[in-house]
Number of protein chains: 2
Amino acid sequence: MDLCLDERSKKIFQAIVQNYIKTAEPVGSRTIARHYNLGISPATIRNVMNDLEEMGLITQPHTSAGRIPTHKGYRFYVDSLMERSKLTKHEEENIQIKYNDKTNEYTDEIFHLTSKLLSAISNYAGVAIAPITSKSKIKKIEFINVSSKKILMILITDSNQVKNKIIDISEEISSDELHIISKMFTDKLKDSSLYEIRNSIKNEILLANKFEINKPEYNELFKKTIHFAESCLNIEVDKDIYLEGAANILKHPEFSKINKTKDLIKLFEEKKDLFKIVARTVETDGAKVYIGEENNISEMNNCSVVICSYKVKNLPGGIIGIIGPTRMKYGKIFSIVEYTSFQLENILKLLID
Amino acid sequence: MDLCLDERSKKIFQAIVQNYIKTAEPVGSRTIARHYNLGISPATIRNVMNDLEEMGLITQPHTSAGRIPTHKGYRFYVDSLMERSKLTKHEEENIQIKYNDKTNEYTDEIFHLTSKLLSAISNYAGVAIAPITSKSKIKKIEFINVSSKKILMILITDSNQVKNKIIDISEEISSDELHIISKMFTDKLKDSSLYEIRNSIKNEILLANKFEINKPEYNELFKKTIHFAESCLNIEVDKDIYLEGAANILKHPEFSKINKTKDLIKLFEEKKDLFKIVARTVETDGAKVYIGEENNISEMNNCSVVICSYKVKNLPGGIIGIIGPTRMKYGKIFSIVEYTSFQLENILKLLID
DNA sequence: TATTAGCACTCTAATAATGTGAGTGCTAAA
DNA sequence: TTTAGCACTCACATTATTAGAGTGCTAATA
């Protein structure tokens with residue numbers, strides 16, 4: 001966005017945004033004159049503010065109030081004026097320590113931890129999405145008999161995500177036989193992406209040939225396995241998204257009235273919508289923000305979402321992010337999200353091979 | 001609680017409670033005289049109300065207001081006066097249909113569904129706790145190699161709960177060897193309760209003897225397995241408790257001010273505390289309620305928790321419940337929780353063998 | 001021409017004043 | 001024992017009043 005603002009207007013605009021972010025109060029010309037010594041009088045500032053308002057960057061809640069940034073204003077601020085504020089040593093260490101505690105295990109716990117971290121450091125809500133499985137490849141398939149006619153199917157992806165499901169079968173299969181079948185299935189399906197599997201379902205017979213299946217019980221297992229693998233495609237929205245610190249958001253004055261806040265809380269419960277908001281971009285180049293109405297959901301009109309993707313094995317993995325009020329410390333939040341993404345990638349490298 | 005109330009007082013008290021539950025407004029003597037034709041005048045009712053107040057069953061928010069039940073009042077109502085209100089055919093069918101959709105799979109999804117059901121039917125928050133594992137017994141232990149020095153450990157309990165974890169080992173073990181080890185471990189540890197395992201950790205050597213272990217890499221695996229089994233004891237509070245419909249609670253007028261409500265939301269996020277509140281009783285005989293202060297947590301002073309345990313294989317399993325305002329439709333909620341528990345038990349019977 | 005001082009004006013938010021009504025407790029009569 | 005009647009209380013809604021922060025405009029100034 002190029003707005004051809006002269007230097008002075010930029011300074012004033014910046015002052016307005018920063019002051020409003022800090023105080024949550026509309027900013028008047030006097031305040032700026034006093035606190036930011038720009039060497040000009042309130043009257044001059046007022047003139048400039050008038051221009052800024054005409055450009056749609058700021059607005060007045062009511063006639064005799066100071067100015068607050070519009071969404072367009074925040075967007076301009078983020079794109080052109082914002083300065084990243086680095087994390088403190090303490091904050092960086094905090095992140096590292098928490099991650100290192102988990103170094104010895106790879107479970108979804110990592111993502112849960114990530115959302116907690118993001119929330120704790122930012123004082124807003126933190127969100128993390130486990131690697132999006134549709135692009136994952138199968139590393140291993142395994143079958144274990146649970147009882148006479150129930151089998152536990154286990155699918156391990158190349159990013160070491162473990163999915164499992166208990167299915168019923170019509171004929172008992174022995175443990176040893178299952179072991180052999182497991183090896184066979186792994187052998188045949190290894191390195192297929194779940195995406196490929198979905199496409200190949202329509203050609204089940206084709207695939208069946210690949211297995212040279214003759215025993216009917218194998219065939220049953222085969223079909224169920226394929227369908228299981230396919231179901232892993234459909235992101236388990238409720239499980240793969242971690243949200244923490246929603247209550248943090250309520251601290252801020254813009255959420256002091258219950259009515260709209262109630263809707264927001266509801267949105268947070270409905271992981272499905274939340275997922276859409278956070279994961280609409282699969283891959284970002286650094287942090288990226290959606291401001292207020294840009295989220296295209298009325299409940300989020302007063303919220304901004306800062307997201308950043310992370311990689312697993314140098315391929316797109318998932319998304320992490322922070323949700324807070326539009327009146328957000330963008331500079332800091334951008335840094336937090338990017339740094340956390342970086343550390344998460346590091347830890348994942350250690351845990352996956 | 002025996003309060004020696006004469007019939008008339010009981011009627012009046014009941015009228016107050018029911019009216020307050022319906023309207024959320026303090027109930028005055030005139031209201032009762034008009035709407036519940038007890039054949040007595042407001043003045044008489046006032047006299048009785050005075051008595052009831054002295055007994056601590058009702059109170060006045062302020063001098064010139066009507067009466068509302070105290071916690072003691074609710075307790076008396078629940079224990080002595082409440083009438084269960086049956087579920088409608090429609091509600092019962094709703095529950096059955098939802099469960100039947102899941103008949104073919106046993107995963108934690110069942111408990112998630114349960115909390116959703118409870119929430120949807122009650123219009124309050126629904127909560128479900130997966131079977132408490134400390135009393136579960138081991139049915140199967142299985143090892144799968146994920147990569148050269150990483151092994152996926154899988155533990156299946158007698159209630160078919162699947163726990164898994166990826167661990168590092170120092171020496172590679174082949175798939176076939178792992179298959180044999182799996183059988184051996186399952187054989188030795190089968191039917192041990194996790195509780196027993198915890199106790200036996202101190203006697204690790206004793207147990208080691210049982211395995212006649214000589215290969216050092218088996219020994220390593222053995223130790224890690226035991227510790228994994230033990231860690232399954234520590235309920236994964238974040239995973240094993242399902243809360244849905246927290247936003248429902250906010251609809252009700254007693255939660256119209258943000259401040260206290262904020263704390264409640266926070267409590268709901270902290271699954272640990274929630275767990276303590278819901279799961280302090282392992283087994284109930286029918287539904288059971290904790291009213292307001294009985295929860296011993298200030299955030300819950302305006303909430304009641306109706307819980308009911310469910311069984312798995314005729315042994316204590318977990319807990320389900322509903323959290324709502326103390327001004328709750330107790331009669332209905334008790335029925336919902338008990339009926340749902342019953343249906344849940346049925347479905348679990350089908351899914352576990 | 002750009003800036004600024006000054007002033008009238010606007011609007012919110014806080015505070016105070018007032019009235020209304022629901023509900024009570026008490027007393028005396030039924 | 002019950003009830004009618006009445007004085008009293010208190011929350012809540014309504015209205016008035018005031019203070020103050022901030023603006024826009026105009027005319028003077030640099």
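I began with Thr225(B), which sits in helix α10 of chain B, residues 216–231; helices are DSSP runs of H or I with at least four residues, strands are runs of E with at least two, and both are numbered from the N terminus. The model is predicted, so local features need pLDDT of at least 70 and side-chain atom pairs count only at pLDDT 80 or more, while totals for chains, interfaces and linings use all residues. Residues are numbered from 1 along each chain as its sequence is written, chains are lettered from A and ligands numbered from 1 in the order written, and side-chain values use heavy atoms, without hydrogens and water.

I looked up the burial of Thr225(B): its relative accessible area is 2%, and it is buried (under 20%; exposed is over 50%, partly exposed in between; 1.4 Å probe, protein chains only). Neighbours within four places in sequence aside, I found Thr225(B) in contact with Ile141(B), Phe143(B), Met153(B) and Phe185(B) (heavy atoms within 4.5 Å).

Next I took the contact between the chains, to which chain B gives 45 residues and chain A 45 residues. The buried area is about 4000 Å², with 58% from carbon and sulfur atoms (accessible area, 1.4 Å probe, lost by two parts on being put together, summed over both). On the chain B side, Ile166(B), Ile258(B) and Glu269(B) supply 14% of the area buried against chain A, more than any other three residues.

I then listed what surrounds DNA strand D: 23 residues, the closest being Ser29(A), Arg8(B), Thr44(B), Thr63(B) and Ser64(B) (a heavy atom within 4 Å). By type I noted four nonpolar, 15 polar and four charged residues (nonpolar: Ala, Val, Leu, Ile, Met, Phe, Trp, Tyr, Cys, Pro; charged: Asp, Glu, Lys, Arg; polar: the others, including Gly).

Last, I checked helix α14(A), residues 271–278, whose buried residues are Leu274(A), Phe275(A), Ile277(A) and Val278(A). Down the helix axis these fall within an arc of 165°, so they line one face (directions from the axis to the C-beta atoms). The face turned away carries exposed Lys272(A) and Lys276(A). I recorded that the buried residues pack against elements including β3, α13 and β10 of chain A.
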